[in-house]
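Here are my notes on the model you sent over. Have it open while you read, and start with the rings.

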Amino acid sequence: MEAPVASPAPIVQKLPPKKELPEGAAELVVIGAGPGGYAAAFKAAELGLKVALIDPQVNPGGVCLYRGCIPSKALLHVAKLVNEAREAADIGVSFAAPKIDLDRVRDWKNEVIEKLTGGLGGKVAKMKLTHIRGTARFIDANTLKVTNVDCEESELPFRQAIIATGSRPFLLPGLAQTSARIIDSTGALELEDVPDSLLVVGGGYIGLELGSAYAALGSKVSVVEMTDGLLPGCDRDLVSLLKRRLDKSFAEILLKTKVLELKEQKNGVAVTLEDRKGEQTKREFAKVLIAIGRRPNTENLGLENTAIRVTQKGFVEVDGQQRTAEPNIFAIGDIAGEPMLAHKAYGEAHVAAEVAAGRKAVFDPRAIPAVVFTDPEIAWCGLTETAAREQKLKVKTAKMPWRGNGRTLTLGRDDGMTKLIVDEESDRVLGVAVAGPGAGELIAEGVLALEMAALSEDLRKTIHPHPTLSETLYETAEMLFKP
Ligand code: NAD
């Protein structure tokens, strides 16, 4: 799978002339203060626009900071400490069994969130952004109806707008809402308790990351995934390295399995599963986490009062400048299409803000990296080996198992792999993939290689620090030059 990139084709060819701003109007209004929204608001303010930022939270942060990337990474750090303490005996260091003070873990996670969101709040004040705590809806392409957190309504005329309202979890068909025992990622990150048994529905990013965190904290974790493998879209050799470890930390991984029914009971959730042969079994779990994907928040925005077009999947159609079919309105982040990743939102935010400020910019990255923060981490960018094969591209692939790298052995972890996919004729690097501890950091070099149109020759001639995991990148490139 090649990382999708936005089409640079403009939706709107000609921009209307600038009108006089009415009294009290915003020069630029940004709806939603997640990674897309706050990045766009800060960039636009830096470029001299008067910005109003609308979001119900006290401070910016969005899903990423309040109930997504950041809290989940905090919990995964706790999981890492627990696992390392347990495994240290293998190399001659023994600790007592880790004792988990759940209240302290939760407090620490919340402190991390507060530090980050508080810092952003400080930046809003410093940059003199107008922060409106509330939600917004389009009355037309130049007016918003704003409902503040006290439920008071007002109209806000604006010259330009950036929509950055993000996404929310999908629930299973027939399930109207989450509950105390049937939770989504938001519920899981609240860390109310550590259930004895946890069924994770969906073997994607969220299911595996949060499943890993709960397994380390002490839950017996079962995963059901409806396709025949974990992490659809990722090369199987990387996934199999992860699965080998998850097979030990999870109680079970049930592939090609569907959840037919969930019934909340007094002490748990009764679940009916259907396996690949169509056989049904009834099971009971203390909690069920639904992690089957996310959908864009494009409803309730009054988009029907504008010319903005929405795809069947609910994404707002944008051009390469993030402009919607309304020339003065931009859309960025999860509502503007996949991949739904904060770093894609940052990139799009800067483009939209620069274009809104009258600069020339386009969102046209060579690669958007994907990182799954499991143990081992899985990260990739650009062309995958699977996609190269499907598209019958003429490529050379080199894979280096981490067994041969000094640093991996000194970390007591050699269960990794670095892979390069290179154009057979030109030697240009088309894809990079890494599995192993720290893969999420290492992939940045791959993204830069793709963005700079590097050859594998460039990678192998680059002096990498020794002894580090980064050496696996040049060592893998070196493999392509062996006779
Ligand atoms: P996902 O798309 O990564 O995975 C969902 C999984 O659920 C897929 O494997 C899918 O086949 C499976 N599935 C779908 N319906 C099912 C069903 N009825 N029964 C069983 N399995 C089913 O989605 P996610 O894990 O919910 O994460 C949503 C998005 O959030 C991701 O696509 C990603 O964009 C983002 N995210 C990113 C990170 C990260 O960057 N590390 C972490 C978490 C979330």
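**Notes on the rings and the overall fold**

1. Start with Arg460: its charged end sits over the ring of Phe481, 3.8 Å from the ring centre. Keep in mind that this is a predicted model.

2. On to ring against ring. Searching the whole structure turns up 3 aromatic pairs. In one of them, Phe138 and Phe158 have ring centres 5.9 Å apart and planes at 70 degrees; over 60 counts as edge-to-face, so that is what this pair is.

3. Where do Phe138 and Phe158 lie? Phe138 is in strand E4 (residues 134-140) and Phe158 is in strand E6 (residues 153-163), so the pair ties together parts that are 20 residues apart in sequence. Both Phe138 and Phe158 are buried.

4. There is an aromatic cluster to look at as well: Tyr38, Phe42 and Tyr346 make it up.

5. Now zoom out. The protein has 13 helices and 22 strands. Its radius of gyration is 24 Å, close to the 23 Å that the globule rule gives for 483 residues, so the protein is as compact as a globular protein of that length. Along the principal axes, its C-alpha atoms fill a box of roughly 70 × 65 × 45 Å.

6. A word on packing and surface. Of the 483 residues, 51% count as buried. Among contacts with a separation of 6 or more, 64% come from residues 24 or more positions apart.

Technical notes: Residues are numbered from 1 along each chain as its sequence is written. This is a predicted model: local features need pLDDT of at least 70, side-chain atom pairs count only at pLDDT 80 or more; totals for chains, interfaces and linings use all residues. Side-chain values use heavy atoms; hydrogens and water are left out. Rings of Phe, Tyr and Trp (its six-membered ring) pair if their centres lie within 6.5 Å; planes under 30 degrees apart count as stacked, over 60 as edge-to-face and the rest as tilted. Helices (H or I, at least four residues) and strands (E, at least two) are DSSP runs, numbered from the N terminus. Buried means under 20% relative accessible area, exposed over 50%, partly exposed in between (1.4 Å probe, protein chains only). A charge sits over a ring if NZ of Lys or CZ of Arg is within 6 Å of the ring centre and within 35 degrees of the ring normal. The radius of gyration is taken over C-alpha atoms; the globule rule is 2.2 Å times the number of residues to the power 0.38. Contact means heavy atoms within 4.5 Å.
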